[in-house]
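Hello,

Here is the structure we talked about. My notes follow below it.

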Amino acid sequence: MKKVLFIFLVVVACGIAVAAIAQVTQKGNLSSEMIRVAIVRDAREAYLSIEGQYRLRDANTGKVVGQGLRLVRSRIRLLEKGILAGLDVYPVARLIIEPVRDASIIVNNHRFRGTVTLVRTGPHHITVVNGINLEDYVKGVLFHEVSNHWPMEALKAQAVATRTYALYSVNPASKDYDVTNDIYSQVYGGRESERYRTGLAVDRTAGEILVYQGKVLPTYFHATCGGMTEDAKELWPKIDLSPLRGVPCMFCQDSPHMHWKKNFRLRDIQLVLNKHGYKMGLMKDIGIVERDRSDRIKTLKITSRDGQELTISGKDFRDIVGPNALKSNNYEISMQGYYVDFVGKGWGHGVGLCQWGARGMALQQFTYKQILAYYYPGSQLMDYHDLLKSALPVKEENSAKPVTQVK
Ligand SMILES: [Zn+2]
């Protein structure tokens, strides 16, 4: 089964939908329904094919600078005179490739809907940006988050969470793109990641997002909470929102990630701590100092054989050891000589929607609206087009601050 992937660096953008959407509308000739996804970043070259008719446009002036019926796989590079695409060099800083009718654009063997823009990002580097309708973007993301075989109401709940999170992540500070296509945003695979049932879930919830007090809610989600979802501010103190304070969850019991166990050599943990700047000799013990309301670990104390003591937050410890090795922050520790066992529950940071819980609720006949209301209590469902119309003012205190999200 395709599963969620993990670390993501999120720019907590303005947080106000209107600001995000308005920003999108101001970018080049993109409309409010478009999102710009960086599919190749700062590369020396990329490969491009176009199956069908296309037009090339200078992104800065909007002028058509070329066209063609088909492009056989060609190398794209930056030359002194401009961008080399196919046999021609275009003396522009940003080149938009627009498909005519149903032409397919293929970049590095991946097929994309919408436009592709080649952007000069250094003396020898280009970034490739896919400009795509928000709904199509959600279709290209959903398959990477949940199985397309899951109950439809769970897929619909995830579609709303994914669409909302995409809008929330739009980064007004970035000139060239809103999100990346990797683990730093949401994993996006273009056309090849579309499946019939995930597409249906997107269509049946078209335009729907979650808001809280008139602003786009950062709809965090994770694979399995293991019994209770986490209060977002335990991980990111600035995200103090009532719908993200955590709820008990009895719906993810069937998740394969409900229970896990991981064994480490103490020496390996010591080495990784040293690598991250924590000076520590040979380890003797790791103890839990404090847990939070959801039972996740707030603070750990690590002692070394030479008597040093290190107090570290559960979040930092998991980041350092690796969020895939320590699947969650809810575990017991048992020392075994030169080894240590972590026996834990759940997978992911635990904030917001519990994906296996949503599946469990859908199997019990709850609707996607009930699922969303359960995991994001107090939030409201609305069409983002209406939010755009209502044009709320942007507040300064919500301006961008980068936050590391570990799933
Ligand atoms: Zn759960």
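One term first: two residues are in contact if their C-beta atoms, placed from the backbone, lie within 7 Å. Keep in mind that this is a predicted model.

Confidence
The protein chain has an average pLDDT of 84. At least 70 is reached by 85% of the residues. Two stretches need care. Residues 1-31 have a pLDDT below 50, yet this stretch makes 99 contacts in the model beyond near neighbours in sequence. Residues 391-407 also stay under 50. There the model has 42 contacts beyond four places in sequence.

A sheet and a helix
β16, β15 and β25 form an open sheet, in the order β16-β15-β25. The pairing is antiparallel. β16 (215-216) and β25 (380-383) are the edge strands, and each pairs on one side only. β15 covers residues 208-212 and is joined to β16 by two bridges. Y212 has its bridge partner, K215, in β16. Helix α3 (residues 152-169) lies across β15 and β16. The helix runs at about 65 degrees to β15.

Two loop residues
N108 is not a glycine, but its phi is positive, near 45 degrees. N108 sits in the loop between β10 (104-107) and β11 (110-112).

D295 is not a glycine either, and its phi is positive at about 80 degrees. Its loop lies between β19 (283-291) and β20 (297-304). D295 has 16 other C-beta atoms within 10 Å, so it is partly exposed.

Best wishes

Methods
Residues are numbered from 1 along each chain as its sequence is written. This is a predicted model: local features need pLDDT of at least 70, side-chain atom pairs count only at pLDDT 80 or more; totals for chains, interfaces and linings use all residues. Two strands pair if DSSP finds at least two bridges between them. Helices (H or I, at least four residues) and strands (E, at least two) are DSSP runs, numbered from the N terminus. Axes are lines fitted to C-alpha atoms, for helices over the stretch in contact, and angles run from 0 to 180 degrees between N-to-C directions. pLDDT is the predictor's confidence in each residue, from 0 to 100. A residue is buried if 20 or more other C-beta atoms lie within 10 Å of its own, exposed if 12 or fewer, and partly exposed in between; C-beta atoms are placed from the backbone.
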